[in-house]
Amino acid sequence: MTAWQIALFLLCVALATCAQNLSGFAFALILLGLAGLLELAPLADLANVATVLALANALVALRRSGRTLDVPAFRDTTLGSAVGILAGVLLVGWLSSNVTLILRVLLGLTVVACAIVVLLQAAALRERSSAASFRTWGVVSGLLTGLFSTGGPPLVYHLYRQPMPLRTVRDTLVATLAASSLMRLTMVLGTGQFSTNALKLCLLAAPLVFALSWWLERHPPGWSRPTVLKLVCALLLLTGVGLLVPALLQIARTGL
């Protein structure tokens, strides 16, 4: 990477970190979306960077949280996630080697869909969902985690609708995403898909992520949560469209 590309990558990391700390999600979505749009690194490497940094942040959050984990929800969702993650990791490895344009289209669609899902005003459920429902949503989240390390929005949508205390929902969500990140990292390392370039990007980005997180925790802006969500989702929509349009045009030209 050139000095200009490194500066752009760190800017993407900074925006993703701010969005994560202000809204509680979207780190991987924004990092992959913006850095992928600017073509700063292969999408597979960016997904691996997002996995490592998301896992580190989750472990810090878990250390501070109380004992409010919903064990059945965590167990069932994680079981489903394991299946989805394996499929996603294998698929992203094949797509990265064979059909890069298709991978960009999938990422663009994922970014747009996740923005729409988060903006949906879903009513709370009166009764707790079944174990099969948790596993199904776990598979969906796991597939997105395996592909792009972006499995948060489906679980946010599902868990926040459950009749659970808010603290329990948050702790269970953080623990589930941490387990998913750990599983993805293990699978990626096991299949030899974690490159030296991804390791360099992790080392480059980590100090900035932790410094910004530390600062924002002590000096949070006075923005309302709805305002933050709208800004983050607007950025996601613009990024997703920016990824989709050039890739679809190129596919149309090449007849892929």
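Trainee: Which residues does Arg184 touch, not counting residues up to four places away in sequence?

Mentor: Contact means heavy atoms within 4.5 Å. By that rule Arg184 touches Ala47, Asn48, Thr51, Ile85, Val89, Val92, Thr145, Gly146, Leu147 and Ser149. Arg184 itself lies in helix H8, residues 166-190; helices (H or I, at least four residues) and strands (E, at least two) are DSSP runs, numbered from the N terminus. The model is predicted, so local features need pLDDT of at least 70 and side-chain atom pairs pLDDT 80 or more, while totals for chains, interfaces and linings use all residues. Residues are numbered from 1 along each chain as its sequence is written, and side-chain values use heavy atoms, with hydrogens and water left out.

Trainee: Is Arg184 buried or exposed, and what is the nearest side chain of opposite charge?

Mentor: Buried means under 20% relative accessible area, exposed over 50%, and partly exposed in between (1.4 Å probe, protein chains only). Arg184 is buried yet has no salt bridge, and Asp45, the nearest side chain of opposite charge, is 9.1 Å away. For charge, Lys and Arg count as positive, Asp and Glu as negative, and His and the chain ends are not counted. The Arg184 side chain does make a polar contact of 2.7 Å with the side chain of Asn48. Such a contact is a pair of N or O atoms within 3.5 Å; within protein, one must be able to donate a hydrogen and the other to accept it, and residues adjacent in sequence count only if both atoms are side-chain atoms.

Trainee: How many salt bridges are there?

Mentor: Side chains of opposite charge can pair when their charged atoms come close. The rule asks for a side-chain nitrogen of Lys or Arg within 4 Å of a carboxyl oxygen of Asp or Glu, and the count is three. One joins Arg128 and Asp70 at 2.8 Å, N to O. That pair links distant parts of the chain, 58 residues apart: Arg128 is in the loop between H5 and H6, Asp70 in the loop between H3 and H4. Arg128 is partly exposed at 37%, whereas Asp70 is buried at 12%.

Trainee: Which residues are linked in a network of salt bridges?

Mentor: Arg75, Asp76 and Arg135 are. Asp76 meets Arg75 at 3.5 Å and Arg135 at 3.3 Å. Asp76 in helix H4 and Arg135 in helix H6 are 59 residues apart. Asp76 is buried at 4%; Arg75 is partly exposed at 44%, and Arg135 is partly exposed at 40%.

Trainee: Which residues touch the most other members of the largest nonpolar core?

Mentor: A nonpolar core is a set of buried Ala, Val, Leu, Ile, Met, Phe, Trp, Tyr and Cys residues joined through side-chain atoms within 4.5 Å. The largest has 47 residues, and Phe9, Ile30, Leu31 and Val49 touch the most other members. H2 gives the largest share, eight residues. Leaving aside neighbours within four places in sequence, Val49 is in contact with Phe9, Leu31, Ala198, Leu201 and Cys202. Another core, of seven residues, lies apart and includes Phe134, Leu155, Met164 and Leu173.

Trainee: What aromatic pair does the search find?

Mentor: Rings of Phe, Tyr and Trp (its six-membered ring) pair if their centres lie within 6.5 Å; planes under 30 degrees apart are stacked, over 60 edge-to-face, the rest tilted. Trp137 and Tyr157 have ring centres 5.5 Å apart and planes at 45 degrees, so the pair is tilted. Trp137 in helix H6 and Tyr157 in helix H7 are 20 residues apart.
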